[in-house]
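Biologist: I have not seen this structure before. Please take me through how to read it.

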Amino acid sequence: MSDTLPLSIINNRRMEKWLRFQPDRTVKLAVGKVEIGQGVLIALSQIAAEELDVGIDRIDILSGDTADAPDEGSTSSSQSIEVSGRSVRLISAELRVRVLGRLAQRLNCAPEELSVDDGVFLQDGKPTGHDYWSFSGPEDFAAEIEGSAQPKPPAAYKVVGQPVPRRDLIAKVTGAAFIHDIARPDLLHGRILRQPSRGAVLASLNEAAVRKAAGSAIQIVRVGNFVAFVGVDETVVQRAAVAALAHAKWTGVRVLRPEQQEAAWFRDQPSDDRHIGDPGPPAETGVVVSETYSRPFVAHAALAPSCGLAEYRGGHLSVWSHTQGVYPLRNSISGILGLKPEQVTVRHAHGAGCYGHNGADDAALDAAIIAMQIPDHCIRVQWRREEEFGFEPVSTAHMTRLRAALDANGRPVDWTAEVWAGSHVQRPVFGGTMLAHEALPNPPPPAKANDPGEANGGGGTRNGFPLYDFPAKRVIHHLALQTPVRTSSLRGLGALPNVYALECFMDELAERAGMDPVAYRLSMLSDPRARLLIENVADRCGWVSRGPVGTGRGLGLAWSRYKNKAAYACVAVELEVDQDISLRRVWAAADAGLVINPDGARNQLEGGIVHAASMTLKEQVTMDGDGITSLDWDRYPIMKFSEVPEIEVVIIHNPDFPTLGMGECTFGPTAAAIGNAVAHALGVRIRDMPLTRERIAAALVR
Amino acid sequence: MSIDLTVNGRAVSVDGDATTPLLDVLRNQLDLKGSRYGCGLEQCGTCMVLIDGEAAYSCAREVGSVAGRRVTTIEGLGTPEIPHPLQRAFLEEQAGQCGYCLSGIIISAKALLDRNAKPSRADIVAALDRHLCRCGTHIRIIAAVQKAALMGAPT
């Protein structure tokens, strides 16, 4: 147990905010982290069941609700098990101690004589006639949580560490399950005519033409430059929204140029510059090698377009959202609409996987704005597919230039990573703006360039700092003050482009030194957990029998520790390159300390591999003229079933080490392993993602 | 106007515009929310239903074109209490992350298993290649379809 309380407890000290014993012999567990497809709710339920000693089926979990669940900020950055899980463990252990302490007094026995079997209290193994539901009372919930109770040792775990199935999947394979499926009384559907860009002014809208195209009665809601089409029939408002694009005239639309879609564009932009690590300029002595790597803008590209519901009744606004943070969203919405925070309730409902800050919050604000204009109805806004691709915040393009001064053996003695990128996080609580707010009569000031600090893993600098034993290392970060389109967090932030650069460069330096890339890494790596992973993956993928360079068939390997403090992962990729790249096999190993649900963890590790491979090989947001032009799945292709390789994941059993967030840990290593395998297959290096057919052809004629 | 069709074995009569997307009719008139909107462009597969036993996109399909035909949605396969073997296999394999793609994928898998009770891995991949899964759950999804095939022919 750590000596400091997790933030989740510090911000929510009242026991009844987290746990309640319910009359039907269940336990209500309320948490602030939300399900975004990562299986967090079953993992948190397992932790509570373990510490309370109740069956897992008795845990009735409520998540993401500003009326009834604690404030745990956003569900992001692989923090849910590290922070919320640790909190639920401490809180559950403390409640158990409190209740059993009172029972010991009642029975005039030592607490050590008492035990709990599925919520029933035993004394020396015999029934006491008491259980949580009959014996616990208000006094158990009165005092603030201290976090001082000793949780179980991992060796005693019966539920934690087991592959307990998720409950939410049952609805998802049989019928209604998502925010999109919620039906409420007085439901009206809404679609938005989006302001093309901040500052654009709606000069005219031919409402008659839109109504005619809709074919049936609609309401047109206009507030400043915000326009919505609302009606009882979803098909009709959808038609209106599609037709409106041709019947609206805007002035002051910002014009985008194709060169702005490339990471290199950032090199000449005004930036906020920071220097982290060893002071002084990069060394100029000895052999100095430098290469530059990049990833373009990429989209979250959730499978479902964003959706939000809102209703304003009797002076209270209720909102449903697939947001990652219900409290931050409540605060944003109440501020924008001039309501008090207590006049707004935000409840989480499941959406498609978001992998970061996408359009979820914005769709909720859309619905809320309409609800204030049309009270006493439930307003359901669903974005169109083109709207999702065109207006969700995207992940910034990112360029990393690495520079190493080498010793006589070809090993770095001085290492510099120089990063150019826009903001990797611009949540509304983090300097960003909400989309529809910019269309309202009093728009907010422009978004401020921002990035998480180093203590939180950094943004553009995430994993920029190598964990190899180099004598001197530094990161120089050029955070662009402006980006051509809105940017915000996407799985791993800067970790993928930075690990791509770092681990590709290591292969290039190994080749230069005439060393095997794995042996080269291990010669400069003292962290035993990292070494073990690399050796594990190298063994399994047959690294020693890796073929020669340039045969068209490649094997590459890379590793990282996410944020340099969360889970470790190592990935090897085998692929073939003809005109395109075909992934054949992937071997991965991860060390996340104590794993709560190994099946859920494996699912996340596999998903991270496929997601990263898709990004590395295929994905780029394109822009021109009025905005983003990659507006559908043809123009923003992602990995298909026929392109997914065989994947074999091993989780290192390490239950005595604290849990490390692992949802993002395979992301960077997968990208770099692909980069290294492509270089092995071709004999030439491709440093700019995505590794498309055009890039391969260009590299081969270089 | 009124359009007659069979949905999940039940005769239904739908009032309204024959050009309305079948997906909108299923979701908003018949309250079958298991078929999902993803793109409206026949690119992602979240809206997949069976029309006379063949997997078909419903997002851009006019309801008038299915008059007199049999439509099956995910709700027509099984329920949480009595899941279809495919649904059971997906749960046993925990073949989902966010789960948004799953109902459409299970529909395509049903069409596959109905015509080929013992599909190869390549057959499964080919049958599912019209579907997108953004979470990267492909490996488990393929394993779940293989498992369902081993469970025996569903009806």
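Modeller: Start with burial. A residue is buried if 20 or more other C-beta atoms lie within 10 Å of its own, exposed if 12 or fewer, and partly exposed in between, with C-beta atoms placed from the backbone. By that rule, 57% of the 702 residues of chain A count as buried. This is a predicted model, in which local features need pLDDT of at least 70 and side-chain atom pairs count only at pLDDT 80 or more, while totals for chains, interfaces and linings use all residues. Residues are numbered from 1 along each chain as its sequence is written, and chains are lettered from A and ligands numbered from 1 in the order in which they are written.

Biologist: What radius of gyration would a compact globule with 702 residues have, and what does chain A have?

Modeller: The radius is taken over C-alpha atoms, and the globule rule is 2.2 Å times the number of residues to the power 0.38. For 702 residues the rule gives a value near 27 Å, and chain A agrees, with 27 Å. The C-alpha trace of chain A spans about 75 × 75 × 50 Å along its principal axes.

Biologist: How many helices and strands are there in chain A?

Modeller: Helices (H or I, at least four residues) and strands (E, at least two) are DSSP runs, numbered from the N terminus. Chain A has 17 helices and 26 strands.

Biologist: Into which domains is chain A divided?

Modeller: Domain bounds come from an automatic or database domain assignment. For chain A they are domain 1 (7-171), domain 2 (179-253 + 306-382) and domain 3 (398-701). The C-alpha centres of domain 1 of chain A and domain 3 of chain A are 37 Å apart. Two residues are in contact if their C-beta atoms, placed from the backbone, lie within 7 Å. Between these two domains, the contact takes 19 residues from domain 1 of chain A and 22 residues from domain 3 of chain A. On the domain 1 side, α2(A) gives the most, with 4 residues.

Biologist: What should helix α9 of chain A span, given its 12 residues?

Modeller: The expected span is 1.5 Å times one less than the number of residues. For α9 (residues 326-337) of chain A that comes to 16 Å, and its end C-alpha atoms are 16 Å apart, which agrees. Buried residues in α9(A) include A:Val326, A:Leu329 and A:Ile333. Their cover includes β15 (316-321), β16 (344-348) and α10 (360-373) of chain A. Just after α9(A), A:Gly338 takes a positive phi of about 70°.

Biologist: Which residue other than glycine has a positive phi near 50°?

Modeller: That is A:Asp118, in the loop between β4 (114-117) and β5 (120-123) of chain A. A:Asp118 is partly exposed, with 14 other C-beta atoms within 10 Å. In chain B, B:Glu42 has a positive phi of about 60° and is found in the loop between α1 and β3 of chain B.

Biologist: Where does A:Pro690 lie?

Modeller: A:Pro690 is in the loop between α16 (667-682) and α17 (693-701) of chain A. A cis peptide bond joins A:Met689 and A:Pro690, with omega about -5°.

Biologist: How many residues of chain B are in contact with chain A?

Modeller: 46 residues of chain B are in contact with 43 residues of chain A. The chain B side divides into 20 nonpolar, 19 polar and 7 charged residues. Here Ala, Val, Leu, Ile, Met, Phe, Trp, Tyr, Cys and Pro count as nonpolar, Asp, Glu, Lys and Arg as charged, and the others, Gly among them, as polar.
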